[in-house]
Amino acid sequence: MNHLLRSHAPITETGWAEIDREGKSRLVPALAARKLVDFSGPRGWQHSATNLGRARSIRGPAEELQARRRDVLPLVELRAGFRVRRDELLDADRGAENLDFANLDRAARRIALAENVAVFHGWDEAGITGITAASPYEPLSLGDDYTHYPGKVAKAVETRLEAGVGGPYGLALGPEGYTGVVETTEHGGILVFDHLRRILDGPIVWAPGVDGAVVLSLRGGDFLFECGQDLSIGYEGHDGEQVHLYFEESFSFRVASPDAAVTLRR
């Protein structure tokens, strides 16, 4: 037994399998940051801090001593609660399909959105500086014409190359921008989406929570996500009608090379 207390839930193996399957199907498409940054872990629920490899001088407890305090970045925990009706779980045991997991789906979207926002735009109270805040460059303007996106992204890539930051490159696009480039065709019949992929030589990622877009190098070592407990579903309690569950994770994020990304705003 661990802190998720899954064995205490009035849920059969079949029920848990359905819940986990639904959770994974909702989380994986929305976890945009993990598709573009370096992911390390999971290191377990008890892992509490990321080693930054630095130390600072402090006053010692006695004279004629040198003292230094190691710098670490504490992991943060995220939890999103949801409920599943017990009669739906009974139907799952009977082999029913199209189960009602709407509450689970909303919780999955919330926690994936929060993770994306923390990585791309930061989370001050958690001590996380996001990619867009760390970038030293003035954001480029995307505008409203999707046929202009390839030129703007090419400019962002050129800026990285001039700074000595190699590719391939990835593009995180907010939902509105992603839909726009998928649906737009340039003169000559070329899809904007395909043109962007040729410029980047890397993925274009649907990124809920991203304001505008971010072009970032995928060479590795620039953006570091350290996972303690990976996203898991735990048990909180139940009553006669519903089982109370939650998604939970712990992680830290830091930008090692601020100049490896360029922000593009609408």
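The chain has 7 helices and 12 strands, where helices (H or I, at least four residues) and strands (E, at least two) are DSSP runs numbered from the N terminus. This is a predicted model, in which local features need pLDDT of at least 70, side-chain atom pairs count only at pLDDT 80 or more, and totals for chains, interfaces and linings use all residues. Residues are numbered from 1 along each chain as its sequence is written, and side-chain values use heavy atoms, with hydrogens and water left out.

**Overall dimensions and contacts**
- The C-alpha trace spans about 75 × 60 × 25 Å along its principal axes.
- Of the 266 residues in the chain, 44% are buried (under 20% relative accessible area, 1.4 Å probe, protein chains only).
- Among contacts (heavy atoms within 4.5 Å) with a separation of 6 or more, 77% are between residues 24 or more positions apart.

**Sheet**
- An open sheet of mixed pairing is formed by 5 strands in the order S5-S12-S8-S6-S7; two strands pair if DSSP finds at least two bridges between them.
- Its edge strands, S5 (140–141) and S7 (204–206), each pair on one side only.
- S5 pairs with S12 (residues 261–265) in the parallel sense over 2 bridges.
- Serine 141 has arginine 265 in S12 as its bridge partner.

**Lining of the largest pocket**
- H1 gives the most to this lining, with 5 residues.
- By class, the lining has 6 nonpolar, 2 polar and 6 charged residues (Ala, Val, Leu, Ile, Met, Phe, Trp, Tyr, Cys and Pro count as nonpolar, Asp, Glu, Lys and Arg as charged, and the others, Gly among them, as polar).

Conventions:
Buried < 20%, exposed > 50% of the residue type's maximum accessible area, 1.4 Å probe, protein only.
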